[in-house]
Amino acid sequence: MTRSKLISLSEAVRRFTWDGMQYASGAALPVGSDAIIFGRELLRQGRKDLHAVFHCNTQQLNLLAAAGAVTKAECGFAALEVYGFANGLRRAVESGRLALEDYSNLSMPLRLLGGALNWPFVPATVNIGSDLQYRSAFAPDDYPARSKIPEVTDPFSGRVIGALSPLKPELAAIHVPLADPEGNSIILGTEWSRFELSRAAKRVIVVADAIVDTACIRQYPNLVRIPGLIVEAVVYWPFAAWPQSSPGQYDSDEEHMKFMNKALATEEGTAAYIRDFVESYDGIESYLDRIGREKIAALSQSVTSFLLDPYRKWILPPEEIAQLQPSAEAA
Amino acid sequence: MSEGGSLEYSRQEMMAIATGREIRDGELAIFGVGLSMLAGYFAKACHAPNVRVMTEGGVYGATPAGGLPWGIECNRISANATSFTSALDALGFLVASGRCDVGIVGAAQVDKFGNVNTTGIWDGEIGPRYRPPKTRLPGAGGANDIACGAKRLLIMAAHERKRFAEKVSYISSPGYLEGGAARSRFGFPGGGPSAIVTTLGILRPNAKTKEFELAAWFPFSSIEEIKANTGWDLKVSAEAHIAAAPTEIELAALRQVDETGALRKN
């Protein structure tokens, strides 16, 4: 067995996060994979003044914004797809409490790629000519903005294009369906930008729905898009993306997606949501109780369940994971 | 609607079918969620069985299973994919590269040069200093990248006066910018929007000025109704005509894709 990097969720947040930090989420759009449980723990530990780097808004950013824990955010898409506007984020932006810098769904991964490769900038052939280039929420007086996506001349053709700033977030909490104890991770479904993010971030924590034996990783090394050698810590937490989905393991919880978004539309609703779904559990088992065991069973009946089949035999039981993790019960 | 013939169909269904008709068999196509996905998969189910479909999440070769997906990465569209890659791959390697033939995007607000606003609604002009919108909208998402890179762009929007503006307050995704040759100075591989398909008709850009003009109205609408619901002085193209009502085959194909009836709700 390789060296275990498994630590508890509370320890991961205690050790690797701080107020005012640039925090990135590794997700797959607003309905898919995301380490939402990590955002809940950020609130439990009272983190604030976060600068959020989210390729797309998710229920995590929606919750953190609603709770007032985020003062700056950058993303390519700020809603919840067919679930509608993200009420918590929307409220924070409209009130001026949170400055949201707009990019697009390609310029965000390009900026992460730039950070990962240590490029000074990334040539932009998208976002130019639109208000994504000319308007900046971080520098509102700079108009047309010169600091956000400044013009740069292609030295070969003479064409004027844009320069995207690279991103190197201080921490990325990346949701994966499967990781081994060292952090070698397999993604099912679109990886979205988790590959680029894992290389761009200064520190990476993977938050895994299931832990597999390293023999699984050795069977499918081509599928390991996040290798353990760039992972700082591994957090085991089933249903970590709830109420969003994790292909192969569970569907999005339609009822809770709507309930949560409705709650986040008001201060009172947000306080009640935090009381009931952020502060109300003291570990994995009571978290799963909070979701509801019947709900867990129903969400697990996913049309994508077959995607997990090749890996099932290597999934470690909770007792074995506990042995690989110091102070597991302190989660 | 029944004015146009014997079939009953909704305005949204007509819009989806008219959009789908713009897609040709064999094309490499990218769809967003909701309406644009229904229009795209309608084309695949009807007249373009070999259209090569991808989402901006990098989900390839999939068709929705079990209802309209909640997102482009929803498990409903991850259940029968033949490839999962990434945003950089789909929006970058296949769209920004200029390889993608056609993309479909929605618009909260669109102007006479086909510029799209999906970012926010302000009370009047934003002004020289950027300020938060009165109503924050979803943002550009992948639409900006598709508007820059796809060879043809199809824009879908409910035809209401407040949505069809002389000038959008914020350009989230570029159409023809200030019109004429304005777009060409950015060297985008994409040719710009080829049609704005609405709940009332179809607008197409004038070849020279790039101003959108009325190209077709639907069996249940009229030139007058469309002009009254457009926020600029809409010109009517010399070739303007009535669009064909949905055929029985088209309607059956659309409803097979829209099995939860999302397009029949209003």
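**Helix packing, domains and chain contact in a predicted model**

Leu288(A), Asp289(A) and Ile291(A) of helix H11(A) meet Arg293(A), Lys295(A) and Ile296(A) of helix H12(A). Two residues are in contact if their C-beta atoms, placed from the backbone, lie within 7 Å. Helices (H or I, at least four residues) and strands (E, at least two) are DSSP runs, numbered from the N terminus. The residues of this H11(A)–H12(A) contact divide into three nonpolar, no polar and three charged. Ala, Val, Leu, Ile, Met, Phe, Trp, Tyr, Cys and Pro count as nonpolar; Asp, Glu, Lys and Arg count as charged; the others, Gly among them, count as polar.

The model is predicted: local features need pLDDT of at least 70, side-chain atom pairs count only at pLDDT 80 or more, and totals for chains, interfaces and linings use all residues. Residues are numbered from 1 along each chain as its sequence is written, and chains are lettered from A and ligands numbered from 1 in the order in which they are written.

H11(A) spans residues 284-291 and H12(A) residues 293-300. They pack at an angle of about 80°, with their axes 5 Å apart. Axes are lines fitted to C-alpha atoms, for helices over the stretch in contact, and angles run from 0 to 180 degrees between N-to-C directions. H11(A) and H12(A) are therefore roughly perpendicular (65 to 115 degrees) to each other.

Chain A is divided into domain 1 (9-102 + 168-330) and domain 2 (120-164). The bounds come from an automatic or database domain assignment. The C-alpha centres of the two domains lie 32 Å apart. Their contact takes five residues from domain 1 of chain A and four residues from domain 2 of chain A. On the domain 1 side, strand E4 (residues 99-102) of chain A gives the most, with four residues. By class, that side has two nonpolar, no polar and three charged residues.

The contact between the chains takes 53 residues from chain A and 52 residues from chain B. Helices H4 (87-94), H5 (107-116), H6 (131-134) and H7 (194-200) of chain A each supply at least two residues of the chain A side. H4(A) gives the most to that side, with three residues. The chain A side has 24 nonpolar, 18 polar and eleven charged residues.

Val206(A) touches Ile174(A), Val176(A), Ala179(A), Gly183(A), Ser185(A), Ile226(A), Val231(A) and Val234(A), not counting residues up to four places away in sequence.

Definitions and conventions. Angles under 35 degrees count as roughly parallel, over 145 as roughly antiparallel, 65 to 115 as roughly perpendicular and the rest as oblique.
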